[in-house]
Amino acid sequence: MIRSKSRPRPKPDVPMQTNRRDFLKQAALAAASSVLAGTMVRPAHAAEGADGLVWQKAPCRFCGTGCGVMVGVKNGRVVAVQGDLESPVNRGLLCVKGYHAGVALYGKDRLTTPLIRKDGKLTPASWEEAIEAIAQHIFKDPPKFAFYGSGQWTIPEGYTVMKFMKGGLGNNHVDPNARLCMASAVVGMVTTYGVDEPSGCYDDLDTADTVILWGNNPAEMHPVLWSRIVDRRLKGQKVEIIDMGTRRTRSTEEADHYLEFIPQGDLAIANGICHALVKSGKLDRDWFTKHCNFRKGGDADGEAMTFEDYAKWLETYTPEFVQKFGGLRPAQLQLLVDRFADPNRKIVSLWCMGMNQHTRGTWINNLVYNVHFLSGKFGKPGSTAFSLTGQPSACGTCREVGTLGHALPGGRIVANEEHRKQCEELWNVPAGRLNPKPGHHAVALFDALQKGELTGAWVQVTNPAQSMPNLNGLTSKLNERFLVVSDVYPTVTTDQAAVVLPSAMWVEKNGMFGNSERRTQQWFKMVEPPGHARDDVWQVIAVARRLFELGHPGMKNKDGGFLFSFKDAEGRPVEIWKWDVFKATNVDKLLFDEYRPFTLMKKYALAPYDELVKSRGMRWPVVKNPEGVWKETARRFVEGEDPYVKPGSGVDFYWGKLKDGKALIWARPYEAPPEVPDEKFPFWLCTGRVLEHWHTGTMTRRVPQLHRAMPRAYVELNPGDAARLNIATGDKVKITSRRGELVLPAWINGRSTPARGAVFVPFFAEESLINLVTLEAHCPLSKEPDYKKCAVAVAKV
Amino acid sequence: MSPAGRPLVMPVSAYVIRCTAEDQPRVRAGLAGLPGVEIGEATPTGLPLAADTPTNRAAADLGERLQQLPGVKAAVLVYHNFEDVADDPVEVPSAPQT
């Protein structure tokens, strides 16, 4: 933003500023003291603080932890951020990204006006021109248009797109970037206990005796949750941390044990633990007999097997097998076995992209549940298996609203006739409007664009030209298609667009997120978006309205009215496609009130909007108790906590595949990765994130503090490999795969250390696109690509 | 004035320093050498601290230095006021295309 020259500014050394600064410093000290003592809280509603700022709650804009942030506003600008002491997630703490979430609003190259490509150049245009161009393109051939969204969509944003595409166009080609980060966790849960979303919650981190990290680096990726674990040690509590990984990270520094495994070897290790538990007889037989069935096969259905068959099947996974394919020595494997064999030990397993981005991502999810089920370490305080999410509403929007090619809101699926009927009724659209054929998943969607089978797509809140794997193979022809991109900053994806729409960001709009532990969080708009930027929800509804005016039949409801017809409290129609009306209306509440009945069908049972306004988020299912109080659920499927559990069952997997209240223990084998190092490409490549930058860096690289702390991408090498190749820190290194190459500076003995024979490259830097090198190979069940292992050559340039 | 001729921007930050009661004397000794730092009332698990720094870069450096002090388990930023900074043009990182 350019400073106004007409507005007088105090010089930095005048007494007024000094006093203000002293005052702010005391306010800051009070905030820190409050966090330590847990005393000061701010109300959820907007209120002026002693510092003269108006403070209001919001969830953090970045990862899936769902930290509560208090946002301080002055003169229409966000000027301060504080961790929300009242938030049960973070209790006043934030990570370095969260503390700069406010600064991320004010990068000087914010997109502020619509742009349309003319003669090869993006040219400023009016909203009317942009909306017309998009509507005309869709109108020509609706089935060949797709929507690619995000785990950063708010719940109402994702819901609006679902209604527009599936309820309006009858087109299921909607998928989110969340496909790239947690689809394996979803299919893992669905195949294990019949429904998505975790049973446990963050509270389990407070009481676990042992926390096992399965290829996970929460010290950098989920730092607030990490501090929740390690702070227990400062309070004198014993909590053991076991880090299983393919590189030493900041999380390893705090770990009691580091168990380095061979990429893909987690499949062998998990089966090896189960084998040893069964062989030793140190199982919780009562628990798994009461709550589990056994299943074999590689697909999502499988076939029944007995425990005895399963025990026999496990015989392959001896300590020798685990050492050969998993890389753990027998003593290391035994260390894990001993923990699970201890009936009194409470264990939490944590994972994220390290396990989910896996060509057998679904299987490894199943196998970790197996370990917890056989040992009975599930559904009890301090014992659970928990997949963390990387985006703020991957759960709330992508998984609960169901913004996936095969899904409908509230756990419905397009292939199910009854589900389609339910949605048609709730959306008040004619019977038969919904298309029964699942749409493309993310990778297939970009493949279809590449091949021209889809002629256009609308991308919101994500950056696929940087984040998709094998970019040359999947995104090199985006500029030949009708690509619409809604975003807040220029990206490598907006560079390819035919139309760019400037979006409102975070507290520049109303919003709702759903975090990793089923917590739905709501916030209100606090400041205006810059220039002509507008809400993503409005953008979609405006295009829908134009299609309605053009006569597209799908934009009409059953009564012949507009698909997005709403009335105010007095029953008058609200023309929310008009920007002035939209701005003056809480459209989020209208949409959420329409969406919430969907959530009751699969017993997700989100809280009513007004309850969410009052709270710092509520974990679903949220059900009104006999006293008339809306009560959240900490642990799902657990009697006494989850209101849907059958009395007397203890644990009730009420969506279990066999409809008997039981989960499945799966016999899933070890399988080698599709590409392994060889003579020509002798190194493993693993990609990932860093503490300072969030995903493709489009926001965090606009924050000077974060950019300076991590200004460019790098390649980490093991010191032994670096010495052998005569590579020192700072040397330029070329990384080459069968798909592409990239030159990066080397970093040795830096923040992390890969295993011998492996290198690591972060993906946040658009000038260093590591996804030119990565492999497009995905889990056949979840369709989630594996960004964690492919074969590369490494050479000093 | 900054070298670029802009008015100085001075972010105000607060940290919680996680450290044991036994380590607090040496943590305090380390903090004594840092300009612009004010320490609040300690608890058995840490020290509250507020700091104003002359530039954004200094603020980032301070965070790093706090983390490195002997006895510090973690230095956690808990408050960040950038109302001075918000009026100043924010430097955007260059991200040239390949």
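Predicted model: local features only at pLDDT ≥ 70, side-chain atom pairs only at ≥ 80, totals over all residues.
Over all chains, the count comes to 53 salt bridges.

- A:Arg519 and A:Glu517 are both buried.

**A pair joining two helices**
- A:Arg233 forms a salt bridge with A:Glu254, at 3.2 Å from N to O.
- A:Arg233 sits in helix H7 (residues 223–234) of chain A and A:Glu254 in helix H8 (residues 250–254) of chain A, so the contact ties together parts that are 21 residues apart in sequence.
- A:Arg233 is partly exposed, at 25% relative accessible area.
- A:Glu254 is partly exposed as well, with a relative accessibility of 29%.

**A pair within one helix**
- The side chains of A:Glu549 and A:Arg545 form a salt bridge, with 3.7 Å between N and O.
- Both residues lie in helix H21 (residues 536–550) of chain A.
- They are 4 residues apart, so about one helical turn separates them.
- A:Glu549 is partly exposed, at 47% relative accessibility.
- A:Arg545 is buried, because its relative accessible area is 16% and the cut-off for buried is under 20%.

How values were computed:
Residues numbered from 1 in each chain as written. Chains lettered and ligands numbered in written order. Heavy atoms only, no water. Salt bridge = Lys/Arg side-chain N within 4 Å of Asp/Glu carboxyl O. Buried < 20%, exposed > 50% of the residue type's maximum accessible area, 1.4 Å probe, protein only.
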